[in-house]
Amino acid sequence: MLNKPYDRKYKKIVEHTNFKFHFISHISMKANEIRKKFLDFFESKDHQIVASAPMVLKDDPTLLFTNAGMNQFKEFFLGNAKPTHHRVADSQKCLRVSGKHNDLEEVGRDTYHHTMFEMLGNWSFGDYFKEKAIAYAWELLTEVYQIPKENLYATIFEGDQGDGLSKDEEAYSFWKKILPEEQILLGNKADNFWEMGDQGPCGPCSEIHVDIRSEEEKKQIPGRELVNKDHPQVVEIWNLVFMQFNRKADGKLEELPEKHVDTGMGFERLCMILQNKISNYDTDVFSPLIQKIEQLSSCRYQQGSINTDTNIAIRVIADHIRAVSFAIADGQLPSNNGAGYVIRRILRRAVRYGFTFLNLKEPFLYGLVDTLVQQMGSAFPELQKQQNLIENVIREEEDSFLKTLDQGLNLLDTLIRETSSDTLSGKKAFELYDTYGFPIDLTALILNERGLKLDEKGFEKELQKQKNRSRSAAESQTEDWVVLQANSEEKFIGYDTLEAPVKISKYRKITDKKRGAFFQLVFDQTPFYAESGGQVGDQGVLAEKNEASIPVFDTKKENNLIVHFVEKLPKNPSISLVAKVDVQKRKMARANHSATHLLQQALREVLGAHVEQKGSLVSPKRLRFDFSHFAKMTKDEIKQVEDRVNHSIQQDLPLEEHRNVPFDQAVEQGATALFGEKYGERVRTIRFGTSFELCGGTHVPRTGEIWYFKILSETGVAAGVRRIEAITGVAARTYFSKQNELLEALSSQLKNKNDILKAVSSLQEENALLKQKIEELEHEKVLQIKQELKESLQTINQVNYIAKEVGLSAGDMKDLAFHLGQEIDNLFVLLAANHNGKALLTCYISKNLVQEKGYDAGKVVRELGKFIQGGGGGQAFFATAGGKNPQGITQALAAGHSYL
């Protein structure tokens, strides 16, 4: 399989050998040409060339990111939808950062692991199968890319007794027609049987490997002996998966009704082979970025596989800037949870490698975006379109993390000072890592520089505890679908009706820690809208004749299926039922959804055409709308936007809806396509006046139904992204009702009930005058107390000593102490107060006494704080303490006298 970790026994070979390539390809191509030749080849074989799906997934609960080329086609493999084209090819951007496919911490340490990568692939959905898949791969590799045939090896599935599967004789027979038998190898289930997950479509696969060693090395050890042995120069180049089974929850296999082909070829590795390089990072996929990093850091990158700290850092940065930029371009901003947390983690890893090993102490990552856009923008135009946003978001994230690093360095210094042994405890290191985001490898590096060690076992123990907690919280068990109606296609009818007779096509049981056991139902048709496009899923009931209704507590979309969540099954799942959407919640949700369309149009009119939607949440209670804009909106701009939306509502604009419109036609007509969304070939358009968007959500028939639009807040989400939260309809009525109640309550407390503003203004003026008078009285009180204190002065051991309880605040006591210090030499002042039920202590000592006699006000208040059940501190000449026991003030003052 692609992206397997390499065997450690080859690590030294990689690091210390300068490999020379004697064959690979007879032609030399740039990366963009290699990609184009792949797509052109399959287009010539009647494949539809499709765009890469977004790297960030929205309708698949099993994945955060696209991690394989087949992800966007899962619905076809699962039989949930019928493909428009039965032959497809593309170059899919993928992200792998965790799990069985990759480990983020390995990226950069070798020359072929990546977070973001391109997967070249061709698919057949019930069309051709093994013979043509093998023939196409062979033709492309040997005739188009001109890789010598003698350097290629094919593996086939050897069979598996546990699954009752025999050797893949069909694939073997096809390979025998084009390859000598000694170049066809058997592979076990781990290498040559591909599975989507614990359940779902799967099948045997045939891998193609290439031997890029020198002729001398090939004579010493035949390439066939190094296939699937993780040798860095005998590598897998293409995986041809033949989907012919479905894995059930009990582990058993069943034949799929239709056979499919799913192939994947790592683009970066292909470029390495065709460009005669020994490292993916030496190809022109990465070299422009590496040259820019060299320029920014004044550090040199050594080509090949040399693992210096500098080389690793540059590889990490070159890899990670791609992952972060593509994620932001697809709509995923860095954050503290979910997919956003993964992107933030990748970004911060790049920053800390630059900070630690390249001496880059200022933001630098954002400066690589332009190079990336120039290099890949033609193949992926979303990079060009979102360049400013990508740069701004990365810059802000870098600034924030560099401040975190500074804070972490200070905290680590404190921990080092407090460590009595030569080892920092793993628990403290984990707290620094978990709470403050301080990288553990940086902690280890700094400790090493100080001659200290890190308790790595203790850290790993704490880390494992956290992982176990997270795993335990997320644990769930999913049973197989129980199919009641085979080959039943689900139809969404919720645009036209909120109640309909339905039959359950299939259902399954889910058990998780949070909710316990519940069921997911799929109907033959449904009026329930599934969560997508920012709009939450419908709720409602499932009515069964002569039985209590079953609440539907959520509706979601999974691989193109509309899935309904219920606590229990109907008594007889096979009979006809009635699905009823909660009408009031649907009406409130659709009002909010239509309001977001009016809001986006108003924002573009008031702020400019640069405004684009960057995210949204539409629920019955409220709406949230994220959009691109470079500055905080002014009060006047907010009012203008609110007024424009409400004007559109008052116009009672009719909904103009068109379904099944060709995507290109809709865009040509001016419909706005949303940020990071995946659209099919046919779309639905929604128009209210000048607002015209592609949208699959539910909407009001006329804007008058929205009633009123009220903005509650406008805040920043990230650099260049603002957020508006607003309400409409019932929520707006409730809001104004509460505001009115508040106004009436306020009015009842004021003298002038007819002019509340004037009454409040009058109160503010009175308050200011009273505050001024109080300050004057306080000042007079302080002067009077100062005189009394001067008269109570005692001389003890040539020190002028004053100690007294005064009825002042902490601030007034400080001012008083410093005034006395300016007027009296050799002064030691101890003041106390019972202020709002709390005990306060203030100690002031003349600086000459601090120097000559070694007095320390901080030590004084710490000792005396015990009497008031509190503590404090400060400088040697001035310190304060607070406590919860005012009764201890007398003892504290007496103890102060004994101090002298």
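Two residues are in contact here when they have heavy atoms within 4.5 Å of each other. The model is a predicted one: local features need pLDDT of at least 70, side-chain atom pairs count only at pLDDT 80 or more, and totals for chains, interfaces and linings use all residues. Residues are numbered from 1 along each chain as its sequence is written, and side-chain values use heavy atoms, with hydrogens and water left out.

## Helix H23

Let's start with helix H23, residues 810-823. Helices (H or I, at least four residues) and strands (E, at least two) are DSSP runs, numbered from the N terminus. The 14 residues of H23 reach 20 Å from first C-alpha to last, close to the 20 Å expected at 1.5 Å a residue (the expected span is 1.5 Å times one less than the number of residues).

Which residues of H23 are buried? They are Met-813, Leu-816, Ala-817, Leu-820 and Gly-821. These cover an arc of only 135° around the axis, which puts them on the same side of H23; the arc is that of the directions from the helix axis to the C-beta atoms. Buried means under 20% relative accessible area, exposed over 50%, and partly exposed in between (1.4 Å probe, protein chains only).

## Aromatic pairs

Rings of Phe, Tyr and Trp (its six-membered ring) pair if their centres lie within 6.5 Å; planes under 30 degrees apart count as stacked, over 60 as edge-to-face and the rest as tilted. That rule gives 37 aromatic pairs. One of them is Phe-42 with Trp-238, edge-to-face at 6.4 Å centre to centre and 90° between the planes. Phe-42 sits in helix H2 (residues 31-44) and Trp-238 in strand S8 (residues 234-247), so the pair ties together parts 196 residues apart in sequence. Both Phe-42 and Trp-238 are buried.

Ring pairs also join Phe-42 and Trp-238 with Phe-38, Phe-41, Tyr-128 and Tyr-136 in a cluster.

## Around His-85

His-85 is in the loop between helix H3 (74-77) and strand S2 (87-95). Is His-85 buried or partly exposed? Its relative accessibility is 25%, so His-85 counts as partly exposed.

Setting aside neighbours within four places in sequence, His-85 touches Gln-48, Phe-125 and Glu-681. With Glu-681 there is also a side chain to side chain polar contact, at 2.5 Å. A polar contact is a pair of N or O atoms within 3.5 Å; within protein, one must be able to donate a hydrogen and the other to accept it, and residues adjacent in sequence count only if both atoms are side-chain atoms.
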